[in-house]
Amino acid sequence: MERIIKVLNEINPTVNWEKETDLIGNRILDSLRIVQLVGALNDEFDIKITPMDVVPENFCSAEAIARLVGRLEDE
Amino acid sequence: MKNITEMLDRSAARFPDKPALRDSATEMTYKTFADTARRIGSFLAGRGITRSPVAIMTGRSVKTPAAMFGCLYGGNFYTVIDTEMPAERIKNIFDTLCPAAVIVSEEYSEKLEQTGYGGFTADYEQAVTSQPDIRLLKETARKAIDTDPAYVLFTSGSTGRPKGAVVSHRSVIAYINWFSKTFGIDENTVFGSQTPFYFSMSVSDVFSTVFTGATIDIIPKELFSFPMKLIEFLNARKVNTVYWVPSALGIIANWRVLDYAELKYIKKVLFAGEVMPVRQLNYWIKKLPKALFANLFGPTETTDICTYYKVDREFSDGESLPIGRHCDNCDVFVVKEDGTEAAPGEEGELYARGSFLALGYYNDPEKTAAAFVQNPLNKSYPETVYKTGDLVKYNEKGELMYITRADFQIKRMGYRIELGEIEAAASAVSGINSCAAVYDRKSDKIVLFCTGKEKDGSVITSELAGRLPDYMMPQKVILISTMPLNANGKIDRRMLAESFGG
């Protein structure tokens with residue numbers, strides 16, 4: 001989780017990432033930031049996030065992002 | 001046809017129960033669409049608001065086309081406001097436009113308040129429940145002529161006074177006739193609309209829909225964050241025609257989304273607004289080999305488009321697509337610096353003439369006089385033409401090739417340099433998804449911004465060295481994780497230049 005927050009802070013340090021539960025609805029993550037975030041996550045965790053994984057359910061909160069990363073690391 | 005509202009009258013009579021407009025929440029049939037617009041028209045004209053500018057703040061929903069036609073039924077001309085713009089910029093537009101009314105839906109009333117607007121406010125929800133006055137609308141339509149303005153479209157400059165092109169009913173009717181005929185738009189067309197209503201490209205999909213009895217699906221902006229959801233949406237709505245900016249098509253190409261999912265219904269892929277990178281186009285063509293692909297080109301001042309090219313051959317990654325040939329009723333010609341017509345292969349500025357031309361800029365005689373000028377090749381009678389500010393030339397096939405904005409061409413070390421050529425060369429380097437070349441006048445340096453897999457700027461530089469002459473080489477390559485886009489979805493060059501201090 002710490003590493004996820006670190007990556008998220010690089011995208012926007014002013015957001016309280018652990019508290020926010022609707023990153024999409026509140027427009028904290030828009031299309032550009034998601035592209036940016038996916039690239040950063042791929043690099044940081046050495047995983048490959050495919051378009052199949054890029055759905056709102058996986059990006060609505062830091063926790064959901066952590067779950068996605070955990071799943072892809074296991075694969 | 002002399003008035004755009006006749007398009008809606010006709011389609012509402014032919015296809016009353018067919019869906020005309022859909023957003024994520026609402027569907028409006030032609031009957032409801034026409035009825036809603038006539039109520040808004042009566043609401044305005046009944047209060048004496050006619051032949052006046054009206055601003056619309058109803059967001060990205062079916063309400064906006066309904067309000068646009070409502071203004072037109074009332075004999076007014078409209079400006080759609082980007083509701084995500086800072087209040088200060090909206091105020092700048094109001095200062096130029098001086099709207100007689102603002103149509104606003106509930107969710108944007110706070111935004112309107114922030115602008116300090118003190119004139120008449122027409123509440124959308126109230127206007128659509130007022131009674132239609134068909135006699136008043138008929139009388140209004142009778143007085144209208146086809147050279148009356150239909151809308152004022154403000155261009156996206158972020159500094160200074162906003163510039164609003166005034167476009168007449170006649171221009172829209174002539175343009176939409178051409179657009180619908182050329183791309184086979186008819187009642188079976190389902191548009192997936194990407195461009196905002198305050199951007200000239202939306203004129204094509206909105207009005208050709210109404211003109212032909214087609215259906216338009218307004219794609220929610222957030223779907224462009226989730227490519228698989230976007231594909232699901234397009235399939236679920238049976239969208240068969242898209243007219244998008246290349247950056248939006250690029251989202252699907254760069255993610256290689258069509259390796260994972262199929263676009264089942266798409267038959268036509270049209271694009272305009274910025275240069276389409278050939279590598280991304282080739283991905284689309286590979287995945288949709290039977291679809292029609294067309295590159296459209298033109299400024300807001302020619303309604304939307306003045307030249308077009310239907311892709312009819314293969315292009316390799318570093319090549320540029322032609323912008324093609326002129327449209328019906330909108331001719332173009334190329335003028336050299338010395339004021340004479342350019343021969344094939346010679347560079348010059350593109351001029352446009354004909355029915356698609358805007359009337360000029362709203363409340364701005366100076367800018368109008370600078371851009372709408374006497375045809376330099378016609379000394380015999382008064383003929384106003386539009387000076388596009390774009391440099392072009394004809395290739396050996398007689399197709400127009402876009403070079404750059406006239407003010408985007410730079411002179412360095414005695415050479416004339418097109419930043420677009422540097423971008424074309426860079427976009428062919430593998431590992432680069434998108435790029436933008438920016439010139440910093442102060443330091444006399446060319447800076448290339450790139451996104452993509454390649455993480456080493458020096459690799460890009462050495463690749464480019466094999467493709468570009470010395471004097472065109474960028475002094476600096478900056479790798480960024482994402483390309484900034486402006487409100488219209490195009491690469492935000494101004495932001496890039498400012499980030500570099502240029």
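How many bridges join strand β25 (residues 445–452) of chain B to β26(B)? The count is 4, and the two strands run parallel. Strands here are DSSP runs of E with at least two residues, helices are runs of H or I with at least four residues, and both are numbered from the N terminus; two strands pair if DSSP finds at least two bridges between them.

The model is predicted: local features need pLDDT of at least 70, side-chain atom pairs count only at pLDDT 80 or more, and totals for chains, interfaces and linings use all residues. Residues are numbered from 1 along each chain as its sequence is written, while chains are lettered from A and ligands numbered from 1 in the order in which they are written.

The strands β25(B) and β26(B) belong to an open sheet of 3 strands in chain B, ordered β24-β25-β26, with mixed pairing. Strands β24 (432–440) and β26 (476–479) of chain B are at the edges and have a single partner strand each, so one side of each lacks a neighbour in the sheet. On average, neighbouring strands of this sheet are turned by 25° against each other, direction ignored. Within β26(B), B:Lys476 is the bridge partner of B:Val447. Helix α14 (residues 419–427) of chain B lies across β24 and β25 of chain B and runs at about 155° to β24(B). Such angles run from 0 to 180 degrees between N-to-C directions, and axes are lines fitted to C-alpha atoms, for helices over the stretch in contact. Residues are in contact if their C-beta atoms, placed from the backbone, lie within 7 Å.

Another strand of chain B is β3 (residues 53–57), where 5 of the 5 residues are buried, so β3(B) is largely enclosed by the rest of the structure. Buried means that 20 or more other C-beta atoms lie within 10 Å of the residue's own, exposed that 12 or fewer do, and partly exposed in between, with C-beta atoms placed from the backbone. B:Pro53, B:Ala55 and B:Met57 point one way from β3(B), and B:Val54 and B:Ile56 the other way. Strand β4 (residues 77–80) of chain B pairs with β3(B) in the parallel sense over 4 bridges, and B:Thr79 in β4(B) stands opposite B:Ala55.

Next come the helices. The axes of α1 (residues 5–14) and α2 (residues 30–45) of chain B come within 8 Å and cross at roughly 140°. On the α1(B) side, the contact is made by B:Leu8, B:Asp9, B:Ser11 and B:Ala12, and on the α2(B) side by B:Tyr30, B:Lys31, B:Phe33, B:Ala34 and B:Ala37.

In α1(B), the buried residues are B:Thr5, B:Met7, B:Leu8, B:Ser11 and B:Ala12. They lie on the same side of α1(B) because they cover an arc of only 150° around the axis, the arc being that of the directions from the helix axis to the C-beta atoms. B:Ala13 and B:Arg14 are exposed on the other side of α1(B). The packing partners of the buried residues of α1(B) are α2, α3 (63–73), α7 (134–143) and α9 (201–212) of chain B.

Between the chains, 15 residues of chain A are in contact with 14 residues of chain B. Helix α2 (residues 31–45) of chain A gives the most to the side of chain A that touches chain B, with 7 residues.

Terms used: Two residues are in contact if their C-beta atoms, placed from the backbone, lie within 7 Å.
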